[in-house]
Amino acid sequence: MTIAQTSTAAIPFAELDALTIGTVAVPGDKAYDALVSPWNVAVPVRPAAVLAAHDAQDVVDAVQFAARHGIRVTPQATGHGPMADLTTELLVTTKELDEVVIHPEEGWARAGAGVKWLKVVEAAAPYGLAPLSGSITDVGIVGYTTGGGLGPMARTYGLAIDKVRAIEVVTGDGVLRRVTPTEDSELFFALRGAKGMLGIITAIEFDLVRQPRFYGGSLWFDGADAPAVIDAWRAWSAELPEEGTTSFALFQLPDMEGVPPMLAGRLTLSIRFVWTGPAEEGERWFAAIRAAAPVILDDVADKPYTAIDSVHTDPLDPTPAYEAGHVLTDFTEATAEALLALTGPGVASPQILVEVRQLGGAFARPGEHPSAFASRAAAYSLLVVGIAEIPGVEDHAAAILDAMAPWIGGHRLPNFTFTPEEYVDAYDEVTLARLRRARRTYDPDGVLMIGGVLG
């Protein structure tokens with residue numbers, strides 16, 4: 001899908017600069033590149049102008065300005081998950097909205113739209129509380145949560161959207177709203193799962209869980225042992241209680257600073273594990289994986305929740321990545337064989353990461369309040385990440401998805417969509433109908449660019 005662009009050559013962005021406290025920049029301005037650059041530097045984010053909002057009123061003024069001048073707006077918080085087609089006109093970055101408040105007695109938190117999970121994790125930890133953060137705490141809360149929020153404790157506690165209490169958002173009609181299960185309930189439904197389709201979020205409030213520690217981390221094997229270990233993982237994870245959340249990842253990490261020497265320049269397999277119950281129970285459950293093959297690095301232990309990044313070991317630095325993925329209905333012996341035929345030992349795969357996450361458990365159960373998330377029935381998720389500049393990486397990723405076709409089914413995870421077409425594929429027809437109706441109500445003039453994917 002290609003979203004038609006409005007000519008922006010004559011738009012008086014100086015007017016927006018006069019209206020707002022935050023920084024307005026256009027191509028050629030000193031601040032422009034730093035403000036628009038996403039985490040995935042392979043995605044060309046080059047809007048006609050960018051506003052770094054200072055507060056919620058700046059966002060209101062930006063949306064109203066866009067409506068007056070017939071242009072469309074796209075939000076960007078911490079820069080994860082950008083789509084070039086959706087960032088061509090006015091970009092509003094909310095990274096400066098950085099408040100964090102913990103309410104330890106009631107067990108909930110409030111965060112500004114520019115906050116990454118690390119700040120909340122560290123602020124909640126002294127009270128024995130934890131958020132349903134992402135696989136890396138460097139990810140922004142708002143984008144992650146509004147896309148569902150599949151984290152390393154998902155089988156125990158469900159999705160991040162299931163913990164949301166309230167959202168403060170500037171909708172496409174230029175109104176700042178506080179949305180809850182009882183106030184603008186249809187918008188509350190839509191914002192939780194539909195990402196930035198209906199508004200620019202300025203703050204979000206969510207429940208925390210009592211999880212001061214966990215038993216988990218990552219256990220690494222030589223790539224040659226991947227077939228045997230994945231076979232053991234399939235059988236073991238099928239019996240895993242909901243206290244356990246797990247995934248595996250085939251890595252081809254470069255020989256560079258920060259990569260442990262035993263993992264660099266070779267194919268390795270990481271089994272990730274989080275156990276939310278007592279550590280001794282987690283250790284007993286994980287024994288079968290430790291025995292699956294010779295271990296080259298063992299980082300699975302009893303840890304404070306502040307060490308949650310050790311589970312997925314995702315990179316911190318901006319990366320020129322090509323990403324692809326889908327959801328799977330099953331992960332059988334034949335599925336594993338088909339995946340390893342393209343990514344396993346002895347194969348010249350250009351991918352640096354091929355990940356399969358087991359879903360189910362609390363992930364599969366709807367939260368207390370309905371949401372625009374249509375992937376609960378998925379049994380596994382598949383994510384493929386390669387370096388964008390490597391020749392053939394896109395074709396190889398497509399070949400992986402083709403090989404997985406017999407097991408692909410259901411709707412994509414919103415946070416694992418990378419094109420406008422994939423975005424729409426994250427929702428069933430009933431959910432799409434509700435989103436379109438909500439757009440007519442809250443963004444009748446189609447000011448929000450992402451909402452255009454709804455048609």
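This is a predicted model: local features need pLDDT of at least 70, side-chain atom pairs count only at pLDDT 80 or more; totals for chains, interfaces and linings use all residues.

Me: Where does Thr313 lie, and what is its phi?
Reply: Thr313 sits in the loop between helix 10 (309-312) and strand 17 (321-328). Most residues other than glycine have a negative phi. Thr313 is not a glycine, yet its phi is positive, near 50 degrees.

Me: Which loop holds Asp184, and what is its phi?
Reply: Asp184 belongs to the loop between strand 9 (176-179) and helix 7 (185-191). With a relative accessibility of 30%, Asp184 counts as partly exposed. Asp184 is not a glycine either, and its phi is positive, at about 55 degrees.

Me: Which residues form the negative surface patch that includes Glu283?
Reply: Glu283 is found in helix 9 (residues 279-290). Its relative accessible area is 45%, so Glu283 is partly exposed. The negative patch is made up of Glu243, Glu280, Glu281 and Glu283.

Me: Stepping back, how many helices and strands does the protein chain have, and what is its radius of gyration?
Reply: The protein chain has 14 helices and 19 strands. For 455 residues the globule rule gives 23 Å, and the chain comes close to that, so it is as compact as a globular protein of that length, with a radius of gyration of 22 Å.

Me: What share of the 455 residues is buried?
Reply: Along its principal axes, the C-alpha trace spans about 65 × 55 × 45 Å. Of the 455 residues in the protein chain, the buried share is 58%.

Conventions. Residues are numbered from 1 along each chain as its sequence is written. Side-chain values use heavy atoms; hydrogens and water are left out. Patches are made of residues with over 30% relative accessible area and no salt bridge: like charges are joined within 9 Å, nonpolar side chains (Val, Leu, Ile, Met, Phe, Trp, Tyr) within 5 Å. Accessible areas come from the Shrake-Rupley method with a 1.4 Å probe; for residues, only the protein chains shown count as cover. A salt bridge is a side-chain nitrogen of Lys or Arg within 4 Å of a carboxyl oxygen of Asp or Glu. Lys and Arg count as positive and Asp and Glu as negative; His and the chain ends are not counted. The place of a charge is taken as NZ of Lys, CZ of Arg, CG of Asp or CD of Glu. Helices (H or I, at least four residues) and strands (E, at least two) are DSSP runs, numbered from the N terminus. Buried means under 20% relative accessible area, exposed over 50%, partly exposed in between (1.4 Å probe, protein chains only). The radius of gyration is taken over C-alpha atoms; the globule rule is 2.2 Å times the number of residues to the power 0.38.
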